[in-house]
Amino acid sequence: MSEKEHERYAELFDEEEEEEEEGGDDVGQSISGWKETPEARVLQAELAGFDKEDITIEVKNYKVLVIKGNTTHKKQRGPVQAMFMRQITLPDDVKPKEMSASVEDGVLIIKAPKSPPKPAKRLAITN
């Protein structure tokens, strides 16, 4: 991140803190840990202030889930950009190609179906 981008990010962060103190809109996110069901692992993220069109989700190298959000809100002093990015290592027992995502009442829900457990491999002992 360049110095100019860093300064702008710091300004935006300060503006959001001021707005929260003034009772402004809370633009943020909260990501819970993986919850487990018999068939899948489920991740939930509260995305206050973000619409589903503002969110992108990627799986990199079958190992890392990347969630990004980028939106602009109109405030009294002009537009304020809000953005975030989270990288989460996927559990070993999920099927990345079969993952799905939905948004319900401002909550992003990512479902990752589980792979069947792999049987233990017995090794023969040689001389």
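Reader: What should I know about the model before we start?
Author: Happy to explain: it is predicted, so local features need pLDDT of at least 70 and side-chain atom pairs count only at pLDDT 80 or more, while totals for chains, interfaces and linings use all residues. Residues are numbered from 1 along each chain as its sequence is written, and side-chain values use heavy atoms, with hydrogens and water left out.

Reader: What makes a stretch a helix or a strand here, and how many does the protein chain have?
Author: Helices are DSSP runs of H or I with at least four residues, and strands are runs of E with at least two, numbered from the N terminus. By that rule the protein chain has one helix and eight strands, in the pattern α-β-β-β-β-β-β-β-β.

Reader: How do you know that β4 and β5 pair?
Author: Two strands pair if DSSP finds at least two bridges between them. β4 and β5 (residues 64-75) have six bridges, in the antiparallel sense, so they pass the test. One example is isoleucine 55, whose bridge partner in β5 is glycine 69.

Reader: And what joins β5 to β6?
Author: Here there are 12 bridges, and the two strands run antiparallel. Lysine 74 stands opposite proline 79 in β6. With two residues between them, β5 and β6 form a hairpin.

Reader: Why are β4 and β6 called edge strands?
Author: The open sheet has the order β4-β5-β6. β4 (55-60) and β6 (78-89) each pair on one side only.

Reader: What makes a group of residues a nonpolar core?
Author: The members must be buried Ala, Val, Leu, Ile, Met, Phe, Trp, Tyr or Cys residues joined through side-chain atoms within 4.5 Å. Buried means under 20% relative accessible area, with a 1.4 Å probe and protein chains only. The largest such core has 16 residues, and Ile55, Ile67 and Leu108 are among those with the most contacts inside it. β3 (40-46), β5, β6 and β8 (107-113) each give two or more residues to this core.

Reader: Which residues does leucine 108 touch?
Author: Contact means heavy atoms within 4.5 Å. Leaving aside neighbours within four places in sequence, the contacts of leucine 108 include Leu43, Leu47, Ile55, Ile67 and Val103.

Reader: How much of the protein chain counts as buried?
Author: Of its 127 residues, 29% do. The accessible surface, from the Shrake-Rupley method with a 1.4 Å probe, comes to about 9,600 Å², of which 48% belongs to carbon and sulfur atoms.

How values were computed:
Buried means under 20% relative accessible area, exposed over 50%, partly exposed in between (1.4 Å probe, protein chains only).
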